[in-house]
Amino acid sequence: MATVEFKGKSFEVDEDGFLQSFDTWNPDWVEYVKEQEGIAEISPDHQKVIEFLQDYYKKNGIAPMVRILSKVTGFKLKQIYELFPSGPGKGACKMAGLPKPTGCV
């Protein structure tokens, strides 16, 4: 298990850089992943996706399928990739603090 140090905080991550525990997520994690993803600024659209992913995960224990993410947020897949260049699974789920998705996200 690896540890990421950022802004005086430590985050335990898996081999792909996803948080080991959703409970350790905080806004500093967003800042860290944002830099890794090459995202200049977190917009309200980014926040909408992050909050939906977190709410869905808290209720269901898994990340939603892309179809659900797109339908609920109102963003087409192309728009999600514009917000999160590495995609909904790698970029958005990682930023939201979810574990690495196992299915089609």
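Is Lys34 buried or exposed? In this predicted model, Lys34 counts as buried, because its relative accessibility of 10% falls under the 20% limit.

**Salt bridges within helices**

- The side chains of Glu31 and Lys34 meet in a salt bridge with an N to O distance of 3.5 Å, and the two residues, 3 apart in helix α1, are separated by about one helical turn.
- In helix α4, which spans residues 77-83, Lys78 and Glu82 lie 4 residues apart, about one turn of the helix, and they form a salt bridge whose closest N and O atoms are 3.6 Å apart.
- Both Lys78 and Glu82 are exposed.

- Lys100 pairs with Asp16 in a salt bridge, with 2.8 Å between the closest N and O atoms.
- Lys100 lies in the segment after α5 (87-96) and Asp16 in the loop between β2 and α1 (27-37), so this pair ties together parts that are 84 residues apart in sequence.
- Lys100 is partly exposed, at a relative accessible area of 43%, and Asp16 is also partly exposed, at 32%.

**Backbone at Lys7**

- Lys7 is placed in the loop between β1 (2-6) and β2 (9-13), where its phi is near 50°, a positive value in a residue other than glycine.
- With a relative accessibility of 55%, Lys7 counts as exposed.

Methods: Residues are numbered from 1 along each chain as its sequence is written. This is a predicted model: local features need pLDDT of at least 70, side-chain atom pairs count only at pLDDT 80 or more; totals for chains, interfaces and linings use all residues. Side-chain values use heavy atoms; hydrogens and water are left out. Buried means under 20% relative accessible area, exposed over 50%, partly exposed in between (1.4 Å probe, protein chains only). A salt bridge is a side-chain nitrogen of Lys or Arg within 4 Å of a carboxyl oxygen of Asp or Glu.
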